[in-house]
Amino acid sequence: MGKNDIYMKRWLSDKHRFADLINGSLFQGKQVFLPNHLKESSPEQTLILRKPNGEDISIQRYRDIMMMAEDGTRIVVLACENQDEIHYAMPVRGMLYDALNYTEQISQIRKIRRENKELENSSEFLSGLKKSDQLTPVITVVFYYGEKEWDGTQDLHGLLGLNAKEYELLKKYIPNYRINLIDPRRLNHDLCFQTDLQLVFGMLEYRKSKEGLQEYMQTNKKYFGSINEDSYNAIRVLLGSGQQLPEAKQKSGGIDMCKALDDLYQDGVKEGIKTGIEKGIEQGIKQGIAQGVERGVEQGIEQGIEQGIKAFILDYREEGYDKEKILMKLQNRFSLTREKAEEYFSRFS
């Protein structure tokens, strides 16, 4: 299990957050499962099959998160699989996990029935179950947080190609299995969450806009200004490669996500200017061999600063900012006059 999976598992394993994920994603916010009715269950699932020669074969799988929901009238197994890569065989994988759980339930019931000598006829002896026995429902969700949009089929029929015209008659006789896919980056704007999932998933709408992301976090600074380590690392993962925030450990009073993001952007600007100056000095020195080292260094510094300003302008142009806002940022960031800022804008935009 990679670091990203560990971060997401820790974050979503919180009972309030886990219940909210299920209720908000599958039931449009209806409180079907309550956190105080959840208890963690072993993620390990094992099935032992016996071959005709008497040899046992063990099949073992591990869920990322597994919980039992019980409120006196309903018992449900809730499982979550975290994915940062598209898994094109996910319908079969999910079906196997669920089948293992149901098979394990049958084994447990069979063991109890036989120990208590409660099986009375051949049908009951064959299955190990009484006619009145019922299994506990299993709900599996696939929490996908990869960069690319999920382009794999989400059901078994799609994986079997049963949508083709020549297979039309077969669909009726081949049971289907559908995965419950949750992609937080592409949820609609009408979010139905009651925990911090509402703020975090809402943030993802702005993940490709530096200014938009900063404004969103400032608007919700009460939350993003002081978050715990698990939430910080989960947000890092969800923002993806576009925002390379550093790892952080829990600080007294929480981690200020707004400051971390601002520091990241400021470091990027400074690094760009530094790189530009270094390249400019190098070029200037080469020119200075023929024209005079002192003048070459001076020209190099000027060229370096200009390259930094050029990168700054082009970056904000790509973000879609208008001329007036870019001019204001140039004046503030590089201490330029209005006239000089307009000159640079005309040259590099």
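Which residues form a nonpolar patch on the surface? In this predicted model, where local features need pLDDT of at least 70, side-chain atom pairs count only at pLDDT 80 or more, and totals for chains, interfaces and linings use all residues, the patch consists of Val-92, Met-95 and Leu-159. Residues are numbered from 1 along each chain as its sequence is written, and side-chain values use heavy atoms, with hydrogens and water left out.

Patches are built from residues with over 30% relative accessible area and no salt bridge, joining like charges within 9 Å and nonpolar side chains (Val, Leu, Ile, Met, Phe, Trp, Tyr) within 5 Å. Met-95 belongs to helix H3 (residues 90–115); helices (H or I, at least four residues) and strands (E, at least two) are DSSP runs, numbered from the N terminus. With a relative accessible area of 30%, Met-95 is partly exposed, where buried means under 20%, exposed over 50% and partly exposed in between (1.4 Å probe, protein chains only).

Arg-63 pairs with Asp-98, their closest N and O atoms being 2.7 Å apart. Because Arg-63 sits in the loop between strand S3 (56–62) and strand S4 (65–70), and Asp-98 in helix H3, this pair ties together parts that are 35 residues apart in sequence. Arg-63 is buried at 2% relative accessibility, and Asp-98 is buried at 7%. A further salt bridge joins Glu-81 to Arg-93, with 3.8 Å between the closest N and O atoms. Here Glu-81 lies in strand S5 (residues 75–83) and Arg-93 in helix H3, so the linked parts are twelve residues apart in sequence. Glu-81 is buried, with a relative accessible area of 1%, whereas Arg-93 is partly exposed at 24%. Arg-178 and Asp-155 form a salt bridge too, the closest N and O atoms being 3.8 Å apart. Arg-178 is exposed at 52% relative accessibility, while Asp-155 is buried at 17%. Through shared partners, salt bridges join Arg-63, Glu-81, Arg-93 and Asp-98 into one network.

Turning to the aromatic side chains, rings of Phe, Tyr and Trp (its six-membered ring) pair if their centres lie within 6.5 Å, and planes under 30 degrees apart count as stacked, over 60 as edge-to-face and the rest as tilted. The count by this rule is ten aromatic pairs. One of them is the edge-to-face pair of Tyr-144 and Trp-150, at 5.1 Å centre to centre with 80° between the planes. Tyr-144 is buried at 1% relative accessibility, and Trp-150 is buried at 9%. Ring pairs also link Trp-11, Phe-143, Tyr-145, Phe-193 and Phe-201 into a cluster.

Finally, helix H12 (residues 323–334) has twelve residues and reaches 16 Å from its first C-alpha to its last, close to the 16 Å expected at 1.5 Å a residue (1.5 Å times one less than the number of residues). Its buried residues are Ile-326, Leu-327, Lys-329, Leu-330 and Phe-334. These cover an arc of only 165° around the axis, which puts them on the same side of H12; the arc is that of the directions from the helix axis to the C-beta atoms. Just after H12, Ser-335 adopts a positive phi of about 55°.

Notes
Accessible areas come from the Shrake-Rupley method with a 1.4 Å probe; for residues, only the protein chains shown count as cover. A salt bridge is a side-chain nitrogen of Lys or Arg within 4 Å of a carboxyl oxygen of Asp or Glu.
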